Amino acid sequence: MTRERNGREAKSEQRDKKVTTKSLRLMKARGQRIVALTAYDFLMAELLDEAGVDVILVGDSAAMAVQGRHTTVSVTMEQMLYHSELVSSAVERALVVGDLPFMSYQINADEALRNAGRMVQEAHVEAVKLEGGKALCATITRIVEAGIPVMGHLGLTPQSIHKFGTYQVRATEPEEADEVRRDALALEQAGAFAIVLEKVPAALASEVSKSVSIPIIGIGAGGGCDGQILVSHDMLGLYSKFHPRFVRRYAELGSQMKEAFERYAKDVRAGDFPSERESY
Ligand code: KIV
């Protein structure tokens, strides 16, 4: 009984403690794995927060998951502000990170800082994420020096899809693997508080995780990272057309939702809905 209560207390304490960039670093130091998922709206963010997810990323994957686009490049700053504000307003414990969309930070550091600032001031996120390695370091330092934590993103960087032409696994060749190693160190040096490492070989991701003191959050990067992130819509099985190897589906909501819509349509057409009990 006492043990059960202690367990419950420990759990609620863990749930109550606000996640910060500092606590994420401590988690890495203690070997505690970081749990991250994406959200784009209030309801999903509230559920993730209640479930004890540590980091909620308002990803530019909103372009694909919400808007039905084939890439992330079309989502705009205004749209990311909108989604990020909805998520921030729902979250109490998790760290909320807002993705800076394509072309909101690449032009120059001034524009990047202005847009990162808008994410914090208007959408109330606690950190921003941007994609890229060494070339972005001066920009990252500028944003961090202004007081805004930055999460990096290496490996498969979806905003560069037209440059690479494919979503296949990255850094399989020694030169590109070396670039990832160098970029991770450079991002840490520039002041990034964590790095998303996407779709690279597990051995490389594990090595990179050990080489830096900031958390490496993997997606399709094996189990040796300091934490894991997935797109919530993917792990919930909301898409039936898309099932990459690195996504474990924890539900099949897409088919369940479709079945519910079909049953509703059948009931309405048959005159079975609403019933007397569902009427006034
Ligand atoms: O936009 C996004 O959802 C992301 C994750 C895939 C890490 O960048």
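Where is His-124 found? His-124 is found in the loop between α6 (109-123) and β4 (127-129), where helices (H or I, at least four residues) and strands (E, at least two) are DSSP runs numbered from the N terminus. This is a predicted model, in which local features need pLDDT of at least 70 and side-chain atom pairs count only at pLDDT 80 or more, while totals for chains, interfaces and linings use all residues. Residues are numbered from 1 along each chain as its sequence is written, and side-chain values use heavy atoms, with hydrogens and water left out.

**Ligand site**

- A polar side-chain atom of Ser-61 lies 2.5 Å from an oxygen atom of the ligand, and a ligand oxygen atom is 3.0 Å from an N or O atom in the side chain of Lys-129.
- For Asp-99, an N or O atom of the side chain is 3.2 Å from an oxygen atom of the ligand.
- Taken alone, the ligand exposes 260 Å², of which the protein buries 95%, with accessible areas coming from the Shrake-Rupley method with a 1.4 Å probe,.

- The protein chain is divided into domain 1 (2-249) and domain 2 (253-280), with bounds that come from an automatic or database domain assignment, and the C-alpha centres of the two lie 38 Å apart.
- Helix α12 (residues 253-270) has 18 residues, which at 1.5 Å a residue should span 26 Å, the expected span being 1.5 Å times one less than the number of residues; the end C-alpha atoms of α12 are 25 Å apart, which agrees.
- Gly-271, whose phi is positive, near 75 degrees, follows α12.

**Backbone features**

- Most residues other than glycine have a negative phi, and most peptide bonds are trans.
- His-124, a residue other than glycine, has a positive phi, near 60 degrees.
- The peptide bond from Phe-273 to Pro-274 is cis, with omega near 0 degrees, and Pro-274 is found in the segment after α12.

Terms used:
Polar contact = N/O pair within 3.5 Å; in protein donor to acceptor, adjacent residues only side chain to side chain.
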